[in-house]
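Good morning, colleagues. I ask you to look at the model on the screen while I go through its packing, its strands and its aromatic rings.

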Amino acid sequence: MPNQRARPTLRRRRLGGLLRDARNSTKQTLEEAAGRMGWDPTKLSKIENAKAHISAKEIPELMAIYDVTDETLIGALAGLAKDAGKRGWWQTYGDVVAAEYSDYISLEADAESMNIYAPNIIPGLLQTGAYAREVIDATAMIRTPDEIAALVEVRKARQMVLTRPKQPLKLWAVINESALHQRFAGHPALMREQLRHLLDMMDLPNVTIQIMALDAVPHPGMAGLFHVVHFPTPWPMVVHLENIMGSTFAEGLDVAKVYEDAFDRVVAAALPADFSRERIKAIMEGNGK
């Protein structure tokens, strides 16, 4: 089994990118900045490329060289440096959690809020264990029963971000109504339980769920599933895109703003939360249209 410790974490890659941006803003070369720190240029290069560690104590000195005086930013960078090499709970599952999935769970764990448009499926953070098992079995490529069971455990464990005692994740999910009409052969009660779970989740103060009605006006979500992930200041937004071949991350303010605006338009096209609750109830009772 490959050693996942050797793989740069997403946190370390984000930290390296931010440090590179800070250096570039001063127009210093690697050699110049490293020299002022008393480092070999290869050390700074490896830090910026997530191949080497920088300690939290070294961050303020490096930021001084880059003329950064924002204490909030310096503290955030130091905190990220401190946590960059930490192994998340999901890494105990080894190769069952693929690299891209590990990155996504890391983002989810660090996030302050998340906006999701789901056109064909209930989002993972809102799935019951039984629903998750059916979906994973249908969509995971070449998985053994034990691996499927492990992935269900991971998916359920991820949901703790919604109820964690300190700053639970704020989730706003817009789900296409077609996903609520899914039926599973041999499990007639499964979808009813899943819909009941959605209603229960709507009672959480940090969770908003809207339903995109079948007769909704055209909207940007018609292009497919996307997640807009927000972090505490000063970290920038990240967009997560997913398909059957895996997932990708889109970063950069311009890209994130496009998806943030798109989500606003999706929200406007969807049923309000109260009407969405009634639609879920109607479908659950077999009276949805």
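Predicted model: local features only at pLDDT ≥ 70, side-chain atom pairs only at ≥ 80, totals over all residues.

I begin with the core. The largest nonpolar core has 63 residues, and Met63 and Leu126 are those with the most contacts inside it. By nonpolar core I mean a set of buried Ala, Val, Leu, Ile, Met, Phe, Trp, Tyr and Cys residues joined through side-chain atoms within 4.5 Å. Buried stands for under 20% relative accessible area, exposed for over 50%, and partly exposed for what lies in between, with a 1.4 Å probe and protein chains only. Another core lies apart from the largest one; it has 15 residues, among them Val174, Met212, Phe263 and Val267. In soluble globular proteins, nonpolar side chains tend to be buried together.

Residues are numbered from 1 along each chain as its sequence is written, and side-chain values use heavy atoms, with hydrogens and water left out.

Which residues does Leu126 touch, not counting those up to four places away in sequence? They are Gln159, Leu171, Ala173, Ile175, Gln194, His197, Leu198, Met201, Val207 and Ile209, where contact means heavy atoms within 4.5 Å.

Leu62 belongs to helix H4, residues 58-65; helices (H or I, at least four residues) and strands (E, at least two) are DSSP runs, numbered from the N terminus. Leu62 counts as buried because its relative accessibility is 0%. Beyond four places in sequence, Leu62 touches Leu19, Met37 and Ile54.

Arg23 sits in helix H1, residues 10-25. Is Arg23 buried or exposed? Its relative accessible area is 8%, so Arg23 is buried. The Arg23 side chain makes a polar contact of 2.7 Å with the side chain of Glu48. A polar contact is a pair of N or O atoms within 3.5 Å; within protein, one must be able to donate a hydrogen and the other to accept it, and residues adjacent in sequence count only if both atoms are side-chain atoms. Setting aside neighbours within four places in sequence, the contacts of Arg23 include Leu44 and Tyr66.

Next come the strands. In strand E4, residues 226-230, five of five residues are buried. Phe226, Val228 and His230 lie on one side of E4, and His227 and Val229 on the other. E4 pairs with strand E1, residues 113-118, in the antiparallel sense over five bridges; pairing requires that DSSP finds at least two bridges between two strands. Here Tyr117 stands opposite Phe226. E4 also runs antiparallel to strand E5, residues 238-243, joined by four bridges, and there His227 has His240 as its bridge partner.

Finally, the rings. The structure holds seven aromatic pairs. Rings of Phe, Tyr and Trp (its six-membered ring) pair if their centres lie within 6.5 Å; planes under 30 degrees apart count as stacked, over 60 as edge-to-face and the rest as tilted. The pair of Trp89 and Trp90 is edge-to-face, because the planes stand at 85°, with ring centres 5.5 Å apart. Trp89 is partly exposed at 32% relative accessibility, whereas Trp90 is buried at 5%. Elsewhere, ring pairs link Tyr117, Trp172, Phe226, Tyr259 and Phe263 into a cluster.
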